[in-house]
Amino acid sequence: MKIKFCSGGIQEDISLRILGLDVGDKRIGVAISDPMGWTAQGLEVLERESQEEFLRLKEIVELYDVEKIVVGLPKNMNGTLGPQAEKVERFIERIGNDIGLPVVRWDERLSTVAAERSLIEADMSRSRRKRVVDKVAAVLILQSYLDFTDRRKGISSQHDENKLC
(Lines give C-alpha, C1' and ligand atoms only; values in the text may rest on other atoms or scores of the structure.)
Protein backbone atom coordinates (compact mmCIF):
# COMPACT_ATOMS: atom_id res chain seq x y z
CA MET A 1 0.00 0.00 0.00
CA LYS A 2 1.21 3.52 -0.76
CA ILE A 3 0.29 6.96 0.46
CA LYS A 4 0.62 10.21 -1.46
CA PHE A 5 3.09 12.77 -0.15
CA CYS A 6 3.37 16.27 -1.52
CA SER A 7 6.41 18.44 -0.89
CA GLY A 8 7.62 21.44 -2.84
CA GLY A 9 5.01 20.88 -5.53
CA ILE A 10 6.19 17.32 -6.16
CA GLN A 11 3.89 14.40 -5.49
CA GLU A 12 5.47 11.06 -4.56
CA ASP A 13 4.26 7.65 -3.50
CA ILE A 14 5.55 6.87 -0.03
CA SER A 15 5.62 3.31 1.25
CA LEU A 16 4.01 2.52 4.54
CA ARG A 17 5.87 1.13 7.52
CA ILE A 18 8.49 -1.58 7.68
CA LEU A 19 8.95 -3.82 10.73
CA GLY A 20 12.47 -4.75 11.87
CA LEU A 21 13.17 -7.81 14.01
CA ASP A 22 16.21 -9.04 15.93
CA VAL A 23 15.35 -12.68 16.61
CA GLY A 24 17.08 -14.50 19.45
CA ASP A 25 16.46 -17.70 21.37
CA LYS A 26 14.86 -15.91 24.35
CA ARG A 27 13.72 -12.54 23.01
CA ILE A 28 12.75 -10.70 19.82
CA GLY A 29 13.66 -7.03 19.48
CA VAL A 30 11.05 -5.10 17.51
CA ALA A 31 11.51 -1.82 15.63
CA ILE A 32 9.28 0.10 13.21
CA SER A 33 10.03 2.63 10.50
CA ASP A 34 8.36 5.99 10.21
CA PRO A 35 5.76 6.11 7.39
CA MET A 36 8.26 7.68 4.97
CA GLY A 37 10.88 4.99 5.58
CA TRP A 38 13.59 7.32 6.86
CA THR A 39 14.05 6.36 10.50
CA ALA A 40 13.69 3.32 12.71
CA GLN A 41 12.29 3.48 16.24
CA GLY A 42 12.37 0.78 18.87
CA LEU A 43 8.96 -0.58 19.81
CA GLU A 44 9.32 -3.40 22.30
CA VAL A 45 10.97 -6.67 23.24
CA LEU A 46 8.93 -9.86 22.99
CA GLU A 47 9.68 -12.82 25.22
CA ARG A 48 9.84 -16.15 23.39
CA GLU A 49 8.22 -18.30 26.06
CA SER A 50 5.41 -19.62 23.87
CA GLN A 51 3.91 -18.95 20.46
CA GLU A 52 2.40 -15.70 21.75
CA GLU A 53 5.09 -13.68 19.95
CA PHE A 54 3.47 -14.53 16.60
CA LEU A 55 0.10 -13.21 17.80
CA ARG A 56 1.73 -10.01 19.05
CA LEU A 57 3.62 -9.55 15.78
CA LYS A 58 0.32 -9.88 13.87
CA GLU A 59 -1.18 -7.18 16.11
CA ILE A 60 1.79 -4.87 15.45
CA VAL A 61 1.56 -5.46 11.69
CA GLU A 62 -2.13 -4.50 11.71
CA LEU A 63 -1.72 -1.57 14.11
CA TYR A 64 1.09 0.06 12.10
CA ASP A 65 -0.11 -1.02 8.62
CA VAL A 66 3.21 -2.78 7.97
CA GLU A 67 4.00 -3.65 4.35
CA LYS A 68 7.26 -5.55 4.82
CA ILE A 69 9.31 -7.24 7.55
CA VAL A 70 13.11 -7.08 7.80
CA VAL A 71 14.66 -9.82 9.91
CA GLY A 72 18.29 -9.77 10.98
CA LEU A 73 20.11 -12.87 9.76
CA PRO A 74 23.07 -13.71 12.01
CA LYS A 75 25.80 -14.67 9.59
CA ASN A 76 29.25 -15.84 10.66
CA MET A 77 32.09 -13.40 10.09
CA ASN A 78 33.07 -15.34 6.93
CA GLY A 79 29.53 -14.94 5.53
CA THR A 80 28.36 -18.49 6.13
CA LEU A 81 25.20 -19.42 8.01
CA GLY A 82 25.59 -21.14 11.36
CA PRO A 83 23.16 -22.84 13.76
CA GLN A 84 21.59 -19.56 14.96
CA ALA A 85 20.94 -18.47 11.37
CA GLU A 86 19.18 -21.77 10.73
CA LYS A 87 16.89 -21.06 13.70
CA VAL A 88 16.17 -17.61 12.33
CA GLU A 89 15.39 -19.12 8.91
CA ARG A 90 12.77 -21.35 10.54
CA PHE A 91 11.31 -18.29 12.28
CA ILE A 92 11.22 -16.42 8.94
CA GLU A 93 9.40 -19.31 7.29
CA ARG A 94 6.83 -19.37 10.09
CA ILE A 95 6.28 -15.60 10.12
CA GLY A 96 5.99 -15.55 6.33
CA ASN A 97 3.28 -18.22 6.49
CA ASP A 98 1.46 -16.71 9.49
CA ILE A 99 1.50 -13.06 8.48
CA GLY A 100 1.75 -13.26 4.71
CA LEU A 101 4.01 -10.24 4.15
CA PRO A 102 7.30 -10.14 2.27
CA VAL A 103 10.23 -10.89 4.57
CA VAL A 104 13.69 -9.50 3.85
CA ARG A 105 16.74 -11.21 5.34
CA TRP A 106 19.27 -8.58 6.42
CA ASP A 107 22.86 -9.22 7.47
CA GLU A 108 22.99 -8.44 11.18
CA ARG A 109 26.59 -9.29 11.93
CA LEU A 110 27.64 -7.53 15.13
CA SER A 111 24.35 -5.61 15.53
CA THR A 112 23.89 -6.85 19.11
CA VAL A 113 27.54 -6.05 19.87
CA ALA A 114 27.05 -2.52 18.52
CA ALA A 115 23.83 -2.13 20.49
CA GLU A 116 25.50 -3.32 23.69
CA ARG A 117 28.44 -0.97 23.14
CA SER A 118 26.18 2.06 22.60
CA LEU A 119 24.22 1.26 25.76
CA ILE A 120 27.44 0.92 27.78
CA GLU A 121 28.62 4.27 26.39
CA ALA A 122 25.29 5.74 27.54
CA ASP A 123 26.20 4.49 31.03
CA MET A 124 23.16 2.23 31.24
CA SER A 125 23.06 -0.33 34.03
CA ARG A 126 23.56 -4.00 33.18
CA SER A 127 19.99 -4.94 34.17
CA ARG A 128 18.50 -2.14 32.03
CA ARG A 129 20.77 -3.05 29.09
CA LYS A 130 19.53 -6.63 29.24
CA ARG A 131 15.93 -5.40 28.87
CA VAL A 132 16.56 -3.11 25.86
CA VAL A 133 19.55 -4.46 23.93
CA ASP A 134 17.39 -6.56 21.59
CA LYS A 135 15.17 -3.57 20.78
CA VAL A 136 18.24 -1.42 20.05
CA ALA A 137 19.68 -4.20 17.85
CA ALA A 138 16.37 -4.28 15.92
CA VAL A 139 16.63 -0.51 15.41
CA LEU A 140 20.18 -0.87 14.08
CA ILE A 141 19.15 -3.66 11.70
CA LEU A 142 16.14 -1.75 10.38
CA GLN A 143 17.99 1.57 10.11
CA SER A 144 20.76 -0.14 8.13
CA TYR A 145 18.15 -1.51 5.72
CA LEU A 146 16.38 1.87 5.43
CA ASP A 147 19.66 3.68 4.74
CA PHE A 148 20.57 1.14 2.06
CA THR A 149 17.21 1.37 0.29
CA ASP A 150 17.15 5.18 0.56
CA ARG A 151 20.56 5.40 -1.13
CA ARG A 152 19.33 3.10 -3.89
CA LYS A 153 16.21 5.22 -4.41
CA GLY A 154 18.33 8.37 -4.66
CA ILE A 155 20.48 6.82 -7.37
CA SER A 156 17.68 5.27 -9.40
CA SER A 157 14.92 7.90 -9.32
CA GLN A 158 14.79 11.49 -10.44
CA HIS A 159 11.89 13.84 -9.66
CA ASP A 160 10.00 15.27 -12.58
CA GLU A 161 9.90 18.96 -11.68
CA ASN A 162 6.96 19.48 -14.05
CA LYS A 163 4.68 17.29 -11.90
CA LEU A 164 3.01 19.58 -9.41
CA CYS A 165 0.48 18.51 -6.81
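Are Asp134 and Arg27 buried or exposed? Both are buried, where buried means under 20% relative accessible area, exposed over 50% and partly exposed in between (1.4 Å probe, protein chains only). These close-ups come from a predicted model, in which local features need pLDDT of at least 70, side-chain atom pairs count only at pLDDT 80 or more, and totals for chains, interfaces and linings use all residues. Residues are numbered from 1 along each chain as its sequence is written, and side-chain values use heavy atoms, with hydrogens and water left out.

**View A. Asp134 and Arg27 pair up in a salt bridge.** The closest N and O atoms of the two side chains sit 2.9 Å apart; a salt bridge here is a side-chain nitrogen of Lys or Arg within 4 Å of a carboxyl oxygen of Asp or Glu. Asp134 belongs to helix 4 (residues 126-156) and Arg27 to strand 4, so this pair ties together parts that are 107 residues apart in sequence. Helices (H or I, at least four residues) and strands (E, at least two) are DSSP runs, numbered from the N terminus. Across the whole structure, the search turns up seven salt bridges.

**View B. Helix 2 and its buried side.** Helix 2 runs over residues 83-99, 17 residues in all, and reaches 24 Å from its first C-alpha to its last, close to the 24 Å expected at 1.5 Å a residue (that is, 1.5 Å times one less than the number of residues). Its buried residues are Ala85, Val88, Phe91, Ile92, Ile95 and Ile99. They span an arc of only 110 degrees around the axis, which puts them on the same side of helix 2; the arc is taken from the directions from the helix axis to the C-beta atoms. Their cover includes strand 3 (18-23), strand 4 (27-33), helix 1 (52-64), strand 6 (68-73) and strand 7 (103-107), with contact meaning heavy atoms within 4.5 Å.

**View C. The other face of helix 2, and what follows the helix.** Turned away from the buried side are the exposed residues Pro83, Arg90, Glu93 and Asn97. After helix 2 comes Gly100, with a positive phi near 75 degrees.
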